[in-house]
Amino acid sequence: MRSVGFQAVAACRPPVHHRRGLAPSCRQQRAVWVARWRAPHRRLSIRASRLPALKCTASPVASDGVRSDGPLGDASTSLSVLQVRRGATYRHLFHRFQRHLSLLLVALLLALAATACLIVLVRLFSEVTGAVGAGDTRGALRAALLCVSVLTARSLVQFVHDVLLCETCVQVETHLRHDLVDKILAIGSDAGDAETGELVYRATAEVERVSSACLTVLRGLLPSAVQFVGVLAYMIYLSPVLTASVLLTAPLMSVVYGSLERRLERHVHRVQQGMARYASMATEAFRSVRLVQAYSAERFVQRSLDAVAGEMKRAKLRASRVRALIAPAVSICYAFTVLVLLAISAACVARGLLSAKQLVAFLASMAFLIEPIQAFVSHFGSVKEGENAALRLFAMMEAEARVRDPPASQRLRTIGLTTVTTAAVAELHLQDVWFRYPHAERYALRGVELVIWPGERVAIVGGSGSGKSTLVALLCRAYDPTRGCVRIRGVDVRQLALADVRRHLCVVPQDAPLLSGSVRDNITFGWADADVDDGRLEAAARLARAHDFIVHALPHGYDTRVGEGGACLSGGQRQRIAIARALYRDPSVLVLDEAWSALDTENEALVQRALEELFQSSSSSSGLRKTMIWVAHRLSSVRHADRIIVMEDGAVAESGTHEQLMRRRDGRYAALYAAQMRP
Ligand SMILES: Nc1ncnc2c1ncn2[C@@H]1O[C@H](COP(=O)(O)OP(=O)(O)OP(=O)(O)O)[C@@H](O)[C@H]1O
């Protein structure tokens, strides 16, 4: 069976440097860890996207100590900013529940019926006491039996009411989670600002929290509110004076309640942020457990996690104290109300304004009035948690991906051999491309001008940080240029559907991320089981020089599970499977970003030769000229390229064949080549 998580990573790939950045040398990685983990309480945020450059940034910290940047970072925005969005959040929630309006209306009618039952119960109760007082045993018995029947009816009504509401909330939760995951996958590269563990926490625990808060409100608080209003109306009918005296204490209650609510909200927000941070750090630690062990950093990691857990514990204790304070505070207010009520009712009865029967009914109503207040008090904490979670989730859902599908996308032009020779349409054209990463001060690409023709085999070389991976990221539209434009077959990529671009041009990154399914799942990633073509699968694996080791070295051949991130395979095997995966897609342009860096020289040459053969044969058989671009550090792998592009400081420094570039004695390529060939 195909793993769901496996399928979930969309064709929209994170930019190459993000992926590559996840595998810096152990020493570099440790430096990042140390910075992030030494001061977890200072909320240092290392972005995965910046790992290669080891830029450890302390994010802007809001007054309540919470990070406040990032495209999905809205999710971790400060409480004060989130509170401004409360109206919008409730509107979002309302729209989601609106889809289940009929169920909700039935539930509301049932809540009204339950309240009506209560009022009937109050009346029957006063009749029972009246009959007992008058010595009418039969009357008392009849009224008591009616009481039992009404109570049973009310219980049945409540059961149906609860089932309907649970169903609605589960459906809303499922849709909300689906939309959130959809958003995270669409945002793709931009999600680099929010860490994996945090995103997982949001998509699981927080969505569940929102749904259970909604259920609490609908099942507990809404009927309680209906009951409150109904009972209050009945009390006004019984005695307006006594009801007014009860309501006199309302301002006192709201002041006490308001101040406790604000405190609780603050602490709950801190607890939830702490949870998200803990989830994020724990995910990172568990994923890098080998690094932790290699550096004997178990205690160090444990201490860092404990620091966050400690912070969370303190916030939780404060929240629970405030929560525990609410019930006694409300009870004191209630006792004060009863005191005032008794004094006034005694005066009313003495003056003949109120009968004893009315007083009994009024006091019974008071008992039913406290019920909704108690429900409100006991559910308040969880509702607040749900509200905070909803504020963050909907802020996340509003985040826009930096690259989006155009409203009306154009189609890619198919270029046959004849077309190419007559009308020279470039496969790829970078026109004066400038690019600066979000949050970065320097341009990573500066005025790149590059034309790649169909069928060309182009190698990109250059020093570390010269902009090779950034160039690749722009080709597959992981980012849009800050200035200038990237054209595929003459069309600006911004006018093409993203899926079209990524079907046409496939990138194989250096770190070759594999997912925890089988080898077959990995190579046919993105295809439903029913659509998988075994012949094509094997052909792709053979071309990537992966078939032999899959069949002979892996215990279950193509059905061998590769473990999380392909942990059961060697680096070279992972890379060959990643190349096979790209070949299975049969793209027109194949981009390999140091995709064979983990291969030995012999296998590297074999894979390269196989790809060259493939590209030559595909151009003659299908009539479509395929293009191959590869980024390389080892210059031995670029000698046979049709053209070598040499990048330096974000610009194209030189371009030509190996021989042409070697003729420039003082050229950059010649210098790089000489340095590599030096014994
Ligand atoms: N996400 C990012 N945010 C900010 N700056 C970045 C980011 N990724 C890369 N950079 C910067 O952009 C520049 C080009 O980086 P890029 O990864 O394209 O270089 P490269 O030539 O592929 O390097 P290498 O060969 O070491 O992989 C570098 O200065 C790098 O620090």
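Trainee: With 14 other C-beta atoms within 10 Å, is His439 buried, exposed or partly exposed?

Mentor: His439 has 14 other C-beta atoms within 10 Å in this model, which is a predicted one. A residue is exposed at 12 or fewer such atoms and buried at 20 or more. The count for His439 falls in between, so the label is partly exposed.

Trainee: What is phi of His439, a residue other than glycine?

Mentor: Most residues other than glycine have a negative phi. His439 sits in the loop between strand S1 (428–435) and strand S2 (445–452). Its phi is positive, with a value near 75°.

Trainee: Ser296 is not a glycine either, so what is its positive phi?

Mentor: Look in the loop between helix H11 (289–294) and H12 to find Ser296. With 8 other C-beta atoms within 10 Å, Ser296 is exposed. The positive phi of Ser296 is about 45°.

Trainee: Is Glu298 buried or exposed?

Mentor: Glu298 belongs to helix H12. There are 12 C-beta neighbours inside 10 Å of Glu298. The cut-off for this class is 12 or fewer, so Glu298 counts as exposed.

Trainee: What distance separates the C-alpha atoms of Glu298 and Ala285?

Mentor: Along the chain, Glu298 and Ala285 are 13 residues apart.

Trainee: Which residues is Gln358 in contact with, leaving aside its neighbours within four places in sequence?

Mentor: Gln358 is in helix H13 and is partly exposed, with 17 other C-beta atoms within 10 Å. Its C-alpha atom is 6.6 Å from that of Leu238, a residue 120 positions away along the chain. Leaving aside neighbours within four places in sequence, the contacts of Gln358 are Leu238 and Ser239.

Trainee: Are H10 and H13 oblique or roughly antiparallel to each other?

Mentor: Helix H10 (residues 250–287) packs on helix H13 (residues 356–398) at an angle of about 60°, and their axes are 9 Å apart. Roughly antiparallel needs an angle over 145 degrees. H10 and H13 are therefore oblique.

Trainee: Which residues in H13 does H10 meet?

Mentor: H10 passes H13 in a right-handed crossing. From H10 come Leu264, Glu265, Val268, His269 and Gln272. Their partners in H13 are Gly381, Lys384, Glu385, Asn388 and Ala389.

Trainee: How many charged residues are in the contact of H10 with H13?

Mentor: Let's sort the contact by class. Three of its residues are nonpolar and four are polar. The number of charged residues is three.

Trainee: Are H10 and H12 oblique or roughly antiparallel to each other?

Mentor: The axes of H10 and H12 are 8 Å apart, at an angle of about 160°. Angles over 145 degrees fall in the second of your two classes. H10 and H12 are therefore roughly antiparallel.

Trainee: How many nonpolar residues does the contact of H10 with H12 have?

Mentor: H10 passes H12 in a left-handed crossing. The contact has three polar and seven charged residues. Its count of nonpolar residues is 25.

Trainee: H9 and H12 also pack, so how many charged residues does the contact of H9 with H12 have?

Mentor: Helix H9 (residues 240–248) and helix H12 (residues 298–350) pack at about 160° with axes 9 Å apart, and are therefore roughly antiparallel. Their crossing is right-handed, and the contact includes Val241, Leu242 and Val246 of H9 along with Val340, Leu341 and Ile344 of H12. By class there are eight nonpolar and three polar residues, while the number of charged ones is none.

Trainee: What percentage of the 679 residues in the protein is buried?

Mentor: The protein has 23 helices and 10 strands. Buried means 20 or more other C-beta atoms within 10 Å. Of the 679 residues, the buried share is 39%.

Conventions. Residues are numbered from 1 along each chain as its sequence is written. This is a predicted model: local features need pLDDT of at least 70, side-chain atom pairs count only at pLDDT 80 or more; totals for chains, interfaces and linings use all residues. Axes are lines fitted to C-alpha atoms, for helices over the stretch in contact, and angles run from 0 to 180 degrees between N-to-C directions. Helices (H or I, at least four residues) and strands (E, at least two) are DSSP runs, numbered from the N terminus. Angles under 35 degrees count as roughly parallel, over 145 as roughly antiparallel, 65 to 115 as roughly perpendicular and the rest as oblique. A crossing is left-handed if the near helix is turned anticlockwise from the far one by less than a right angle, and right-handed if clockwise. Two residues are in contact if their C-beta atoms, placed from the backbone, lie within 7 Å. Ala, Val, Leu, Ile, Met, Phe, Trp, Tyr, Cys and Pro count as nonpolar, Asp, Glu, Lys and Arg as charged, and the others, Gly among them, as polar.
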